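Hi,

Here is the structure I promised to pass on. Have a look at it first, and my notes follow below.

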Amino acid sequence: MVWLKFAAMIKFERFTLGNGLRVIVHVDKSTPMAVLDVIYDVGARDENPEQTGFAHLFEHLMFGGSVHIPSYDEPLQMAGGENNAYTTNDLTNYYLQLPAENIETAFWLESDRMLSLAFDENSLEVQRKVVVEEFKEHYINKPYGDVWHKLRTIAYKKHPYRWMTIGKELSHVENARLQDVKNFFFKHYTPVNAIVTVAGNVSVEEVRRLAQKWFGDLPPGQKYTRNLPKEPEQTAPAFLEVKAPVPLDALYKCWHMSSRLDRRYYIADLVTEILGGGASSRLYERLVKEQQLFSNIHCSHFGSADEGLLYISGRLVKGVKMADAEQAVSRELARIKTEPVGADELQKVKNKTESMMAFEDISLINRANSLATYELLGDAELMNQELQSYQSVTVEEVQKECAAIFVDSNCSTLHYLSNN
Amino acid sequence: MISTPSNAPALDRTIPPIIKDAVEFNLTLQPYQKRTLSNGAPLYYVNDGTEEVALVELVFNAGNCYETKNMTASATSHLLKNGTKNKSALEINEHFEYYGAHLNRSCRNEIASVTLHCLSKHLTVLLPVIKEILTESVFPERELDIFKQNSIQQLSVNLKKCDFVADRSIDQYLYGAQHPYGRVSTQADIQALTRKDVLDFYTDFYLNGSCQIFAAGKLPQDFEQILEVSLGDLRLHGQVPPVSYLTAPSTQKKSRVTNDASGVQGAIRIARPFPNRHHPDFKPAMVLNTLFGGFFGSRLMSNIREEKGYTYGIHSILENHLHESAWVISTEAGTDVCEATIAEVYKEMKILREELIDEEELLLVKNYMMGLTLGDLDGPFHVIARWKSLILNGLDDQFFYDYIQTVKTISAAQLQELSAKYLVPEDFFELVVI
């Protein structure tokens with residue numbers, strides 16, 4: 001069954017200041033709130049391999065006071081606002097939401113910290129400790145917490161995706177110095193490398209005026225040109241076995257896939273949904289329910305700007321041999337490569353995508369984040385074109401993409417075994 | 001390209017822009033529409049928004065408090081999707097997923113929900129299958145076996161996590177192991193579940209159960225009619241079955257547990273009993289809680305994270321229970337700074353007991369809370385969630401408006417008095433799990 005799909009178009013306007021700062025405005029008069037999102041074109045992939053975890057540590061330091069404003073959070077809270085930020089391998093995103101009446105506070109705060117940070121030694125000292133605790137909480141003190149640290153190093157030999165955003169190791173975070181921090185700021189945190197997105201109960205004229213007032217006189221900075229080591233094509237399967245004090249064995253397999261804007265990305269995304277996107281997905285139904293080889297199983301991918309990894313991961317039922325689990329996964333991959341997926345099966349995952357987008361667009365913050373991210377990828381208008389890209393994928397393309405991705409020479413495997 | 005006019009005044013970046021204090025906003029809670037279905041089940045809904053999406057949540061009085069054997073309520077809730085007379089688990093999942101819809105179920109202490117998220121245009125094809133699982137679920141033996149096996153395995157992984165263990169333990173201290181809020185399930189409990197347990201529970205609390213329905217979104221014109229047709233003849237009654245709560249807090253106030261000798265962090269829980277929303281202290285305590293540990297600028301965060309760097313995050317909350325509640329401070333901190341963290345928590349309590357908050361900080365907390373609430377009233381899903389919480393707690397929007405009044409008018413002296421009454425270390429349980 002195919003029905004007409006008209007995804008709600010997200011309307012926006014776009015302009016650039018004299019110093020190269022890109023500004024996007026999405027007006028929504030139905031909300032009392034306004035969101036200001038600042039995205040910087042720097043992520044973990046842009047780090048020095050001897051100083052990883054820096055982009056993320058730096059994100060923390062952005063809250064330690066800017067050159068004219070000793071505290072970022074307090075004036076925002078006083079204005080009835082809240083904020084958050086995140087760093088990925090590709091980008092760093094800061095966003096806040098506040099009553100629309102107080103939007104100018106957002107411009108004041110964000111422009112000052114784009115101008116310059118306070119660069120406080122004490123702030124660096126404290127945030128180093130905080131990030132060390134974050135590292136422990138998520139990656140050291142949790143069962144299976146170090147899986148991706150390990151898997152990335154065998155899947156990537158050259159490309160910076162070989163390390164995690166949190167950092168390759170704790171010592172890199174612990175050894176960060178203030179001078180490195182300053183260098184990082186002036187290289188990446190500049191108007192010409194940033195995009196400001198304003199969404200909510202605002203007007204385009206008001207945003208133009210405020211953007212010019214607060215950001216207009218910032219020096220542009222040097223445009224950052226990315227020149228990352230290219231990952232050579234993988235020619236043989238990679239493998240690692242780890243033994244750890246975990247109760248159950250787990251299997252992780254990953255394959256290289258296309259970059260974000262390649263048409264093949266959309267096909268691969270739908271493949272992950274067909275294989276592991278819910279309780280009716282193939283891996284779940286066959287391997288968890290029918291064969292009871294796994295107690296849980298997932299299939300997903302990085303969603304990264306550069307060529308990312310598509311992965312299957314799952315915990316084996318106690319007593320199941322790893323070889324049997326591997327064989328079962330192989331059988332499913334062989335099936336999807338040799339037999340075309342059903343028309344309904346493909347339609348299902350397209351419908352899921354449409355529904356997911358509709359639910360995401362409810363949130364003003366999500367709309368602002370998406371517009372910012374797509375603009376960073378090259379064009380905010382992509383937001384309104386994505387659904388069409390998914391909907392045009394054919395059964396033949398799915399089969400072809402599976403045949404290309406799921407080959408042994410493209411595969412890295414981690415056996416994470418219980419040492420009990 | 002835009003150029004700056006040459007006669008513009010120089011910008012002074014040290015001066016904040018003028019703000020409107022959110023504490024002066026007049027916040028209103030959008031009313032719901034109500035329809036009582038022909039079987040007596042009340043339907044509360046908010047029809048609004050831009051995206052053509054819908055949420056329908058059926059809230060049954062089928063929570064943990066009604067089970068006579070551990071895990072029965074949550075197993076029944078989970079297995080609702082795992083087979084009816086005419087559809088297998090796969091067919092049920094295929095049906096919802098084909099339409100890009102999500103059918104979730106969750107089991108809490110008093111209530112268990114079945115929640116549908118879908119594009120509004122699919123309500124008519126999805127609701128009948130919800131009716132089917134609420135009237136014809138068969139709980140196949142095989143599905144139960146897989147559920148038991150995988151739950152046991154999931155539990156074994158969770159029990160390695162210091163925060164998971166701490167969360168279970170602190171509730172046991174607060175309420176006692178026989179209380180619905182304090183009871184925990186073991187692997188033996190899961191193993192002991194039978195199909196009969198689940199079928200009986202289903203019969204008593206779903207087939208012959210009581211239910212309230214909450215819905216929101218950009219709904220079709222004939223939404224009430226659609227609900228009536230799909231769900232109006234479910235065999236429901238109006239009575240909420242009685243619950244017995246045997247509150248028996250632990251006599252041991254302080255605990256140190258080593259769950260993992262090689263752990264690099266400890267999960268700290270410092271908690272005391274607290275009355276539920278009906279108590280006059282609850283609303284003022286919501287303000288005090290925000291100041292103390294309820295937002296990024298709180299006393300706890302400012303000290304223990306932003307000054308000392310002991311943790312990635314520390315929070316305090318008033319637990320979201322119906323019958324009675326607790327005030328809980330919670331964090332994961334490096335093992336070598338756990339004791340120091342606890343000392344700082346008590347130090348912050350002392351400051352609140354002994355020193356009046358200054359006017360500026362008080363205004364900041366008020367503005368922050370009002371701004372947050374404003375954002376939290378935005379859109380039909382937020383509005384219905386707030387109404388659901390009020391209704392399930394036996395409250396109406398008077399509670400909301402009184403809460404706003406409290407935020408606007410509470411004084412430094414009142415906050416200090418409340419701290420002196422409740423933020424007393426001797427009244428708290430103290431637990432560290434490494």
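Before the contacts, one convention: I call two residues in contact if their C-beta atoms, placed from the backbone, lie within 7 Å. Also keep in mind that this is a predicted model. It scores ipTM 0.95 and pTM 0.95, and chain B has an average pLDDT of 96, with 98% of the residues at 70 or above.

Let's start with the interface between the chains. On that criterion, 62 residues of chain B touch 66 residues of chain A. On the chain B side, at least two residues each come from the helices α2 (89-98), α4 (141-158) and α12 (359-375), and from the strands β5 (112-119), β9 (311-318) and β10 (325-334). The top contributor is α12(B), which puts in eight residues. Sorted by class, this side of chain B holds 26 nonpolar, 23 polar and 13 charged residues.

Now to the inside of chain B.

In chain B, α9 (residues 282-293) packs against α14 (residues 397-409) at an angle of about 50°, and the two axes are 9 Å apart. So α9(B) counts as oblique to α14(B), since an angle has to be under 35 degrees to be roughly parallel and 65 to 115 to be roughly perpendicular. The crossing of the two helices is right-handed. From α9(B), the contact involves K283(B), P284(B), M286(B) and V287(B), and these meet D402(B), Y403(B), T406(B) and V407(B) of α14(B). By class, the residues of this helix contact come out as five nonpolar, one polar and two charged.

That's everything from my side for now.

Cheers

Note on methods. Residues are numbered from 1 along each chain as its sequence is written. Chains are lettered from A and ligands numbered from 1 in the order in which they are written. This is a predicted model: local features need pLDDT of at least 70, side-chain atom pairs count only at pLDDT 80 or more; totals for chains, interfaces and linings use all residues. Helices (H or I, at least four residues) and strands (E, at least two) are DSSP runs, numbered from the N terminus. Ala, Val, Leu, Ile, Met, Phe, Trp, Tyr, Cys and Pro count as nonpolar, Asp, Glu, Lys and Arg as charged, and the others, Gly among them, as polar. Axes are lines fitted to C-alpha atoms, for helices over the stretch in contact, and angles run from 0 to 180 degrees between N-to-C directions. Angles under 35 degrees count as roughly parallel, over 145 as roughly antiparallel, 65 to 115 as roughly perpendicular and the rest as oblique. A crossing is left-handed if the near helix is turned anticlockwise from the far one by less than a right angle, and right-handed if clockwise. pLDDT is the predictor's confidence in each residue, from 0 to 100.
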